[in-house]
Each structure stands twice: as structure tokens, then as C-alpha cells.
Amino acid sequence: MATTTHINNPISLSSPAAVDNSSHDHPLILNADEPLVISTPFLQWQSFPPAAPGGPPRMGIPHHRAIKAFARRCSLSTAAADLTGMAAIDCFVLFLSAAAWQRLLNELLASKLLEGGPFTAWSTFLDRIERIEVTTPSSLALTMNDFDLGESFEAPAIPGRAAIPGAAGRRGQPRAPAIPAVAAQPAQPGPPDIAYLSLVTINTMFYPSTNSPLGSWCDLVGALGVGRTRSSRRPPLANVRTADVMLSSAVASRVLGSGANQAPNALIAVHLPDMFREMQLPNLSFGRVEHR
């Protein structure tokens with residue numbers, strides 16, 4: 001006889017959400033006994049050490065996977081300062097702070113996200129999160145204070161420094177050594193084949209009139225996988241590089257005609273937001289080795 005698993009439906013997390021900034025995939029971490037963790041096994045939560053010796057066991061998922069699953073019902077602040085800042089947030093730097101996750105997840109729980117769980121497949125979870133009636137929509141409005149940004153696509157230029165000659169010390173003190181000059185370093189561009197992704201910012205994939213205003217953006221971040229650091233974007237088999245093959249060729253074929261598999265970065269960036277909503281891409285961020 002089949003048994004049914006009954007999951008408690010809390011209105012908030014029982015303990016603080018955490019984000020591991022030291023890890024390459026910047027995981028979102030919750031206590032292992034949180035109903036949100038138990039109700040979403042399809043997210044492939046992994047074990048993490050307790051926050052303190054003797055503390056409760058914890059589970060975590062990569063940040064891009066958390067974004068894909070839980071941030072799709074979010075909106076963007078309309079404050080002028082936030083709009084200006086968000087115009088520079090691309091899919092490589094989008095990470096949320098632990099405080100933002102706490103507020104966001106509590107709102108989803110208060111809106112009865114877990115009713116009908118546990119969810120063993122992405123499709124059933126997606127259907128549920130799309131249908132919930134958000135209790136307090138303002139709790140899901142993201143501001144610049146909610147972001148914990150990753151490394152920019154290009155490594156910034158480093159200014160040079162003139163040499164500083166040594167100086168005689170005061171009586172009885174050793175001579176101060178000379179400090180050599182440091183040559184200026186120009187900005188270092190990221191991988192050219194994925195440069196168009198740095199031109200696609202969060203506000204270009206924000207659809208406020210839909211039920212999931214950031215749904216397409218979250219799907220893009222989820223498909224690209226680990227990408228917080230520049231080093232994580234370099235390996236040829238990194239998720240972001242393999243996803244690029246499908247994204248760029250699909251846009252090129254649609255815009256330039258059948259048979260085209262390349263297009264200028266600016267052209268891809270302009271057409272990708274709307275085209276991505278229609279694309280059927282494999283979920284590249286699940287079940288893959290995620291490169292550092």
C-alpha cells in the first residue's frame with residue numbers, strides 16, 4: 001500500500017539562511033530539517049557541516065540553482081538608485097545576500113509554497129510556485145542592497161605606482177627600504193565567446209506584467225551554472241561555455257537565417273532576452289560537474 005509523506009507547511013524558516021562566500025558556487029545553506037529542504041529533493045541538496053561544532057546538520061545548493069528555483073517571483077525596485085545599479089548587473093555577478101534570501105524564502109513560505117509537496121520534479125514545483133498568491137509582494141522586490149555581487153566579466157585595470165626611494169632612518173633607526181615601482185595593468189577582457197552575456201542585464205529580462213517577472217532571467221542564470229569568479233568561466237567545459245554554444249547558435253539561426261551559427265555579440269545581446277523566453281534548453285545546471 002502506497003504511503004504519503006506529510007510535510008509541515010511553515011510560514012517562515014526555523015533558522016537563518018546562510019550563504020558560503022568562500023565556495024566557488026556560493027551555495028545557499030539551510031538546516032537539513034527545514035521543510036523547504038525536505039520538500040524539494042529535486043534540487044539535489046548536498047550535505048554541509050554544521051555552522052558550529054555540535055550544531056544541526058545543514059544542506060545546501062549552488063547559488064545559481066537557488067536563483068532558478070526561488071527568485072522567479074521576485075520583482076525589481078523602481079527607486080532611481082536601484083534602477084541605475086541594476087543596469088549593470090549581468091548574469092555573472094547576480095548573487096543575493098543571506099539576509100535577502102531569508103526575506104525572500106520567508107515570503108514564499110508564508111504564501112504557502114509547500115502546499116502539495118514534496119516536489120520530486122522541477123515541473124511540479126514550477127507549477128506550484130507560478131500559482132501561489134504572494135502574501136506581501138513588496139517582500140519580493142529586490143533592491144541593490146539585496147545583491148552580493150560576483151566578479152565582473154572584465155578584470156579591471158590596475159593603476160601603476162611610482163617608485164619610492166629609500167630614506168635615512170632617525171638616529172638609531174634602520175634605513176627605510178626603497179619601494180619599487182609597480183607597472184600599470186590594463187583591463188583584461190573575459191572569454192570573447194561569452195562576452196554577449198555581460199551585455200544582458202537583469203533589467204532587460206524583467207517582465208513586470210507576468211506572474212513570474214524574473215522567471216526568464218532565473219532560467220538563464222540556472223542554465224549558465226557556476227560563474228561567480230572569472231576563473232570559473234574559463235574552462236572549455238564549464239556550464240557557461242557549453243550553454244553558450246546553444247544560446248548563440250540559436251539566436252544566430254533565428255536572426256540571420258537557417259544555417260547561421262555565429263552572430264556579433266551586440267546582436268545576440270539585443271535578441272536573447274525575448275528569444276530566451278521561447279527557447280527549450282536542457283537544464284544544464286542539474287546533474288553536471290560544475291567547474292571552479
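Okay, ground rules. We're looking at a predicted model, where local features need pLDDT of at least 70 and side-chain atom pairs count only at pLDDT 80 or more, while totals for chains, interfaces and linings use all residues. Residues are numbered from 1 along each chain as its sequence is written, and side-chain values use heavy atoms, with hydrogens and water left out.

Let's start with Thr 40. You'll find Thr 40 in the loop between helix H1 (35–38) and strand E3 (46–48). Helices (H or I, at least four residues) and strands (E, at least two) are DSSP runs, numbered from the N terminus. So, is Thr 40 buried or exposed? Thr 40 is buried, at a relative accessible area of 0%. For the cut-offs, buried is under 20% relative accessible area, exposed is over 50%, and partly exposed is in between, with a 1.4 Å probe and protein chains only.

Which residues does Thr 40 contact, if we skip neighbours within four places in sequence? Those are Trp 45, Phe 119 and Phe 125, contact being heavy atoms within 4.5 Å. With Trp 45 there's also a side-chain to side-chain polar contact of 2.9 Å. A polar contact is a pair of N or O atoms within 3.5 Å; within protein, one must be able to donate a hydrogen and the other to accept it, and residues adjacent in sequence count only if both atoms are side-chain atoms.

Now, Phe 125 takes us to helix H5, residues 122–131, where Phe 125, Arg 128 and Ile 129 are buried. Looking down the H5 axis, the buried residues fall within an arc of 95 degrees, so they line one face of the helix. That arc is taken over directions from the helix axis to the C-beta atoms. Covering them are, among others, helix H2 (63–70) and helix H4 (98–110).

Last stop, Gln 46, in strand E3. Gln 46 comes out as partly exposed, at 48% relative accessibility. Not counting residues up to four places away in sequence, Gln 46 touches Arg 58, Met 59 and Gly 60. The Gln 46 side chain also reaches the backbone oxygen of Gln 44, at 3.2 Å. And how far apart are Gln 46 and Pro 27, C-alpha to C-alpha? In space they're 9.8 Å apart, and in sequence 19 residues.
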